[in-house]
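Please look over the sequence and the model shown below before turning to the notes.

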Amino acid sequence: MSLKQEIARRKTFGIISHPDAGKTTLTEKLLLFGGAIQTAGAVKSNKIKKSATSDFMEIEKQRGISVATSVMSFEYKGTKINILDTPGHKDFAEDTFRTLTAVDSVILVVDVAKGVEAQTRKLMQVCRMRNTPVIIFVNKMDREGQDPFDILEELENELKISTRPLSWPINMGTRFKGVYLLHNNSLNLFEADKTKKASEYIEINNLSDKQLDQIIGDSDANQLREDVELINGVFEPFDREMYEEGLLAPVFFGSALNNFGVQEMLDTFVNIAPSPKSRSTNLRDIEPLENKMSGFIFKIHANLDPNHRDRIAFLRVCSGVFERNKFYIHPRTEKKMRFSNPYTFLADSKEVTQYAYPGDVVGLYDTGNFKIGDGLTEGEKIEFKGIPSFSPELFREVVNLDPMRSKQLEKGLNQLTNEGVAQLFTQQPGNRKIIGVVGELQFEVIQYRLEHEYNAKARFELVNYHKACWMTGGENEITGFIKYRPQDIVYDKDKNMVFLAQTAYILQMAKTNNPTIEFHETSEFKVD
Ligand code: G4P
């Protein structure tokens with residue numbers, strides 16, 4: 001197969017949701033369709049159970065599971081599908097944000113009873129920054145939930161995206177009868193069956209046909225007729241270009257647990273989801289079809305067992321063909337690198353691979369060379385864009401408890417930040433170090449790893465900051481701004497200047513008083 005054909009048949013995407021909406025269940029059903037697993041229950045949830053938030057070994061166990069399911073690949077109707085898994089726990093949200101930089105589209109799962117939830121909002125914000133195409137699956141239709149029109153309105157208002165239902169539910173909860181597929185005029189009748197694989201569709205070309213009343217009953221048939229008329233009156237027909245630009249999300253209704261409504265979504269996904277696209281770098285855009293291999297690291301997974309200090313760096317291939325045992329260049333350090341055991345991932349296992357193509361993810365053994373966002377090329381010194389840091393939500397100052405081991409502490413902090421476990425901000429003069437994270441659990445992970453892997457002891461002291469902001473604007477204005485608040489100015493890992501705002505009010509005042517300076521909550525500046 002030519003490179004062009006390999007690229008065209010690949011779809012790399014992520015499933016995102018607020019915890020408990022059904023992401024793991026849906027992933028499993030997709031793998032069943034792809035024949036990648038044979039039975040339900042094979043995919044373990046990677047979410048850290050709420051009850052285990054303070055049990056570190058439990059976190060570790062869960063992390064172990066999550067590396068096994070970091071990437072799941074399977075073939076479906078001639079398409080090579082790569083699902084990049086995202087951690088469900090909110091404390092590891094930054095991991096999820098970064099994984100979203102490596103996908104070409106997403107499927108968003110929403111619980112019909114709960115609608116848009118906190119994590120849904122945040123994740124979609126990241127998708128909007130990158131104009132990622134989104135398909136929405138409204139899940140748990142076998143339970144009582146909100147009116148489907150209300151759900152669509154909520155999705156549009158809260159997620160700032162237009163929607164277009166492609167399937168429509170007939171009742172819900174115990175009275176759920178199935179869905180009507182608006183894009184091919186057919187009925188898919190609901191059966192509560194967790195083992196069912198393929199759906200059977202009944203063609204209903206004319207909704208006024210009495211056959212419909214016989215199948216689903218007069219009352220539901222009339223409701224469906226009314227609903228469809230309203231949909232056709234209110235919603236524009238599905239526009240693929242708008243979907244590809246991330247402006248319009250097709251919506252499906254179903255029940256992942258019962259493997260219902262999943263097949264029509266998967267079939268649509270295979271049909272419309274984009275193949276690997278071009279990627280921006282500091283020098284130029286990279287096209288997947290280029291002959292030379294290039295890719296970037298979006299995730300690093302460390303083995304926390306001190307006897308096996310290896311790390312796995314996850315490379316998303318962006319152009320050309322990645323080959324085993326070939327020499328590549330790591331542009332940041334200009335080191336030559338060769339990988340004798342690169343592997344690709346199947347549903348629940350991994351295998352050494354000879355070749356990988358744009359859209360694929362390769363796991364590379366790493367001894368500490370890589371950091372998140374690094375590139376790998378055949379020589380060109382490019383830096384990939386679009387892998388930003390996001391403002392942390394919690395900040396603590398690092399207090400060294402063993403001055404004899406400050407080198408180890410420094411090394412540990414640097415390596416952990418390179419892995420993306422947390423963000424490190426340094427204040428000069430004085431070398432004061434402030435760690436920023438998204439969730440409390442991350443502090444626990446850092447403390448544990450510093451102690452066990454680097455033999456360094458540190459305490460984290462609460463410091464009250466609200467947001468980290470990267471700044472752009474005139475040099476004079478920024479110099480003037482920082483002159484009056486040196487105590488709130490720090491530097492990130494790439495030596496960019498960052499303003500730590502103590503409260504939302506102070507940030508607002510800074511914005512009002514300095515209209516020529518822009519304050520950004522991500523380290524790359526395309527924010528909505
Ligand atoms: P997540 O990865 O998004 O966190 O969600 P997950 O798939 O683990 O699903 C969360 C819970 O919702 C699970 O129940 C799962 O069985 C249930 N669920 C998923 N899809 C459906 C659906 O279509 N209908 C109904 N009624 N429930 C659904 P649990 O009790 O938390 O876990 P388990 O003991 O069933 O594994």
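Q211 counts as partly exposed, because its relative accessibility is 30%, a value that falls between the limits of under 20% for buried and over 50% for exposed. The model in which this residue is described is a predicted one.

**Surroundings of Q211**

- Q211 belongs to helix α7, which covers residues 211-216.
- When neighbours within four places in sequence are set aside, the residues in contact with Q211 are I202, E203 and I204.
- Between Q211 and A221 the C-alpha to C-alpha distance is 9.5 Å, and the two residues are 10 apart in sequence.

**The chain as a whole**

- The chain contains 14 helices and 31 strands.
- It has 528 residues, of which 56% count as buried.
- Of the contacts between residues at least 6 apart in sequence, 71% join residues at least 24 apart.
- The chain has an accessible surface of about 23000 Å², and carbon and sulfur atoms account for 48% of that surface.

**Cysteines**

- With a disulfide taken as a pair of cysteine sulfur atoms within 2.5 Å, the count of disulfides is zero.
- C127 counts as buried because its relative accessible area is 2%, which is under the 20% limit.
- C318 is likewise buried, with a relative accessible area of 1%.

**The ligand and its shell**

- The ligand is surrounded by 17 residues, and the closest are D20, K23, T24, T25 and S255.
- The shell around the ligand consists of four nonpolar, seven polar and six charged residues.
- Helix α2, which spans residues 23-33, gives the most to this shell, contributing three residues.

**Polar contacts and cover of the ligand**

- An oxygen atom of the ligand lies 2.7 Å from a backbone N or O atom of D20.
- For K23, a backbone N or O atom is found 2.8 Å from an oxygen atom of the ligand.
- A polar backbone atom of L257 is 3.3 Å from an oxygen atom of the ligand.
- On its own the ligand has 700 Å² of accessible area, and the protein covers 68% of this area.

Definitions and conventions:
Residues are numbered from 1 along each chain as its sequence is written. This is a predicted model: local features need pLDDT of at least 70, side-chain atom pairs count only at pLDDT 80 or more; totals for chains, interfaces and linings use all residues. Side-chain values use heavy atoms; hydrogens and water are left out. A residue is near a molecule or strand if one of its heavy atoms lies within 4 Å of it. A polar contact is a pair of N or O atoms within 3.5 Å; within protein, one must be able to donate a hydrogen and the other to accept it, and residues adjacent in sequence count only if both atoms are side-chain atoms. Accessible areas come from the Shrake-Rupley method with a 1.4 Å probe; for residues, only the protein chains shown count as cover. Helices (H or I, at least four residues) and strands (E, at least two) are DSSP runs, numbered from the N terminus. Ala, Val, Leu, Ile, Met, Phe, Trp, Tyr, Cys and Pro count as nonpolar, Asp, Glu, Lys and Arg as charged, and the others, Gly among them, as polar. Buried means under 20% relative accessible area, exposed over 50%, partly exposed in between (1.4 Å probe, protein chains only). Contact means heavy atoms within 4.5 Å.
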